Amino acid sequence: NGSSLAAGLLELERALRCCTAASVVTDGSGAAEERSLYIMRVVQIAVMCVLALTVVFGIFFLGCNLLIKSEGMINFLVKDRRPSKEVEAVVVGPY
């Protein structure tokens, strides 16, 4: 009964190895598989950090650019709404 259980576990291990990324290493040493998985995980984390920083800085600079453009538009509208010097001269003249 114990040998059939061991055979079942061995068969299960073979089935799982065929469907995982660890099956790329074929020398059978657990240390090499752990090392390759660790390197793969570190690379994934590094790529995600770079992408996250890119998105954060992109949103930041886009927001700053929109803020600068909106300030310029507000200043442009304020300049248009000021009365001209001729109107001031007419208003000041009769008094």
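Author: Tyr 38 is exposed, with a relative accessible area of 58%; exposed means over 50%, buried under 20%, and partly exposed in between, with a 1.4 Å probe and protein chains only. This is a predicted model, in which local features need pLDDT of at least 70 and side-chain atom pairs count only at pLDDT 80 or more, while totals for chains, interfaces and linings use all residues. Residues are numbered from 1 along each chain as its sequence is written, and side-chain values use heavy atoms, with hydrogens and water left out.

Tyr 38 lies in helix H2. Helices (H or I, at least four residues) and strands (E, at least two) are DSSP runs, numbered from the N terminus. Helix H2 covers residues 30-81 and has the highest confidence in the protein, at a mean pLDDT of 88, where pLDDT is the predictor's confidence in each residue, from 0 to 100. The lowest is in helix H3 (residues 85-92), at 57.

UniProt, in an unreviewed entry, places a "transmembrane region" at residues 45-68; its positions follow the numbering used here, feature names are shortened, and annotations may be inferred rather than shown by experiment. Residues 45-68 are 100% helix and 0% strand, with the end C-alpha atoms 35 Å apart.

For the protein as a whole, there are 3 helices and 0 strands, in the order α-α-α. Of its 95 residues, 2% are buried. The mean pLDDT is 76, and 64% of the residues reach 70 or more.
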